[in-house]
Amino acid sequence: MQRARVQASASRRFDLTPIPRCAAESYPRVAFGQNDITLFQRILPWDHAAGAVFLTEAGGEIRHWDHRPYRVGSNSAGVLAAATPALWDSASALLLGVGSALADAEGIAA
């Protein structure tokens with residue numbers, strides 16, 4: 001239910017594409033410009049740690065939904081990753097901002 005609500009909200013402003021075979025594959029897709037952003041609720045370190053380093057070294061941005069920098073082992077919810085910090089800010093305002101479906105569902109204070 002929550003996923004459907006977030007997807008419906010995001011689809012009004014973004015072209016949605018399915019997640020590739022694994023979460024780690026999403027990071028090169030963002031870094032190389034195939035996708036602009038990626039959003040994950042489940043953030044197990046083996047799925048995201050290497051990709052987060054790869055993306056940030058390529059000039060991208062990855063932060064938890066509460067806007068804190070991504071850290072392995074953090075108690076913060078989810079991650080949003082983007083090709084550039086400016087794109088992260090724009091996507092964050094739409095997806096995680098006050099009144100967004102995700103912020104409402106997760107109780108995120110943006």
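Predicted model: local features only at pLDDT ≥ 70, side-chain atom pairs only at ≥ 80, totals over all residues.
Local features are reported at pLDDT of at least 70 and side-chain atom pairs only at pLDDT 80 or more, while totals for chains, interfaces and linings use all residues. Residues are numbered from 1 along each chain as its sequence is written, and side-chain values use heavy atoms, with hydrogens and water left out.

**Figure 1. Overview of the fold.** The protein has 5 helices and 3 strands, these elements being DSSP runs numbered from the N terminus (helices: H or I, at least four residues; strands: E, at least two). Along the sequence they follow the pattern α-α-β-α-β-β-α-α. Of the 110 residues, 38% count as buried; buried means under 20% relative accessible area, exposed over 50%, and partly exposed in between (1.4 Å probe, protein chains only). Among contacts (heavy atoms within 4.5 Å) with a separation of 6 or more, 49% involve residues 24 or more positions apart.

**Figure 2. The aromatic pair of Phe32 and Phe54.** A search of the whole structure finds 2 aromatic pairs. One of them joins Phe32 and Phe54 in an edge-to-face arrangement, 5.8 Å centre to centre with 75° between the planes. This pair links distant parts of the chain, 22 residues apart: Phe32 lies in the loop between α2 (23–31) and β1 (37–40), and Phe54 in helix α3 (residues 45–57). Rings of Phe, Tyr and Trp (its six-membered ring) pair if their centres lie within 6.5 Å, and planes under 30 degrees apart count as stacked, over 60 as edge-to-face and the rest as tilted. Phe32 counts as exposed because its relative accessibility is 67%, whereas Phe54, at 36%, is partly exposed.

**Figure 3. Salt bridges.** Side chains of opposite charge can pair when their charged atoms come close. The structure holds 3 salt bridges, each defined by a side-chain nitrogen of Lys or Arg within 4 Å of a carboxyl oxygen of Asp or Glu. In one, the closest N and O atoms of Arg42 and Asp47 are 3.7 Å apart; Arg42 is exposed at 59% relative accessible area, but Asp47 is buried at 16%. Glu61 and Arg63 meet at 2.6 Å, N to O, with Glu61 buried at 17% relative accessibility and Arg63 partly exposed at 24%. Asp66 and Arg68 form a bridge whose closest N and O atoms are 3.5 Å apart. Here Asp66 is partly exposed at 28% relative accessibility and Arg68 is exposed at 52%.

**Figure 4. Surroundings of Thr38.** Thr38 lies in strand β1 and is buried, since its relative accessible area is 11%. Leaving aside residues up to four places away in sequence, Thr38 touches Ser26, Val30, Val79, Leu80 and Ala81.

**Figure 5. The largest pocket.** The largest pocket has a volume of about 940 Å³. A pocket is an open set of points on a 1 Å grid over the protein atoms alone, with protein on both sides within 12 Å along at least five of seven lines; lining residues have an atom within 4 Å of a point. Grid points are joined across faces, edges and corners, and the volume is the space filled by probe spheres set on the points. Of the 30 lining residues, Thr17, Ile19, Thr38, Leu39 and Phe40 are the closest to the pocket centre. Helix α1 supplies the largest share of the lining, 5 residues. By class, the lining has 15 nonpolar, 9 polar and 6 charged residues; Ala, Val, Leu, Ile, Met, Phe, Trp, Tyr, Cys and Pro count as nonpolar, Asp, Glu, Lys and Arg as charged, and the others, Gly among them, as polar.

Conventions: 1 Å grid on protein atoms, 1.4 Å probe; cavity = no way out; pocket = protein on both sides within 12 Å on 5 of 7 lines; lining within 4 Å.
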